[in-house]
Amino acid sequence: MRCPHCGQTLPNGTQECDRCHADLSPATRRKELLVSVLVALIAIACIAALTYVVLEWHEAQLMSL
């Protein structure tokens, strides 16, 4: 397996990286994955909301012509 932080090749089941000392326990990796997914979902929701606002504004500008 590879360390997700520094890329060091490690034996499977390693709990801590030898190079960067990152915690590689399954619980920590699950938590990091959950945080990444939540950040991605929030970013997608913000982009969708901004797109909606811009399109509504653009439509309102066209209607006022």
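**Exercise 1.** In which segment does threonine 14 lie? Determine also whether threonine 14 is buried or exposed.

*Solution.* The model is a predicted one. Step 1: threonine 14 is found in the segment before α1. Step 2: the relative accessible area of threonine 14 is 16%. Step 3: buried means under 20%, so threonine 14 is buried. Step 4: a polar atom of the threonine 14 side chain lies 2.5 Å from the backbone oxygen of proline 11.

**Exercise 2.** Classify cysteine 17 and aspartate 18 as buried or exposed.

*Solution.* Step 1: cysteine 17 lies in the segment before α1, and aspartate 18 has its place in the segment before α1 (26–63). Step 2: cysteine 17 has 1% relative accessibility and therefore counts as buried. Step 3: aspartate 18 has a relative accessible area of 59%; the term exposed requires over 50%, so aspartate 18 is exposed. Step 4: aspartate 18 belongs to a surface patch of negative charge, together with Glu16, Asp23 and Glu32.

**Exercise 3.** State what separates the C-alpha atoms of cysteine 17 and alanine 43.

*Solution.* Along the chain, the two residues are 26 residues apart.

**Exercise 4.** Which residues form a nonpolar patch on the surface?

*Solution.* Step 1: the patch is formed by Leu33, Leu34, Val37, Leu38, Leu41 and Ile44. Step 2: together they have about 580 Å² of accessible area. Step 3: one of them, leucine 38, is placed in helix α1 and is partly exposed, with a relative accessible area of 45%.

Terms used. Residues numbered from 1 in each chain as written. Predicted model: local features only at pLDDT ≥ 70, side-chain atom pairs only at ≥ 80, totals over all residues. Heavy atoms only, no water. Patch = residues over 30% accessible without salt bridge, like charges linked within 9 Å, V, L, I, M, F, W, Y side chains within 5 Å. Areas by Shrake-Rupley, 256 points an atom, 1.4 Å probe, with all protein chains shown as cover. Salt bridge = Lys/Arg side-chain N within 4 Å of Asp/Glu carboxyl O. Lys, Arg positive; Asp, Glu negative; His and termini not counted. Charge placed at Lys NZ, Arg CZ, Asp CG, Glu CD. Helix = DSSP H or I, 4+ residues; strand = E, 2+ residues; numbered from the N terminus. Buried < 20%, exposed > 50% of the residue type's maximum accessible area, 1.4 Å probe, protein only. Polar contact = N/O pair within 3.5 Å; in protein donor to acceptor, adjacent residues only side chain to side chain.
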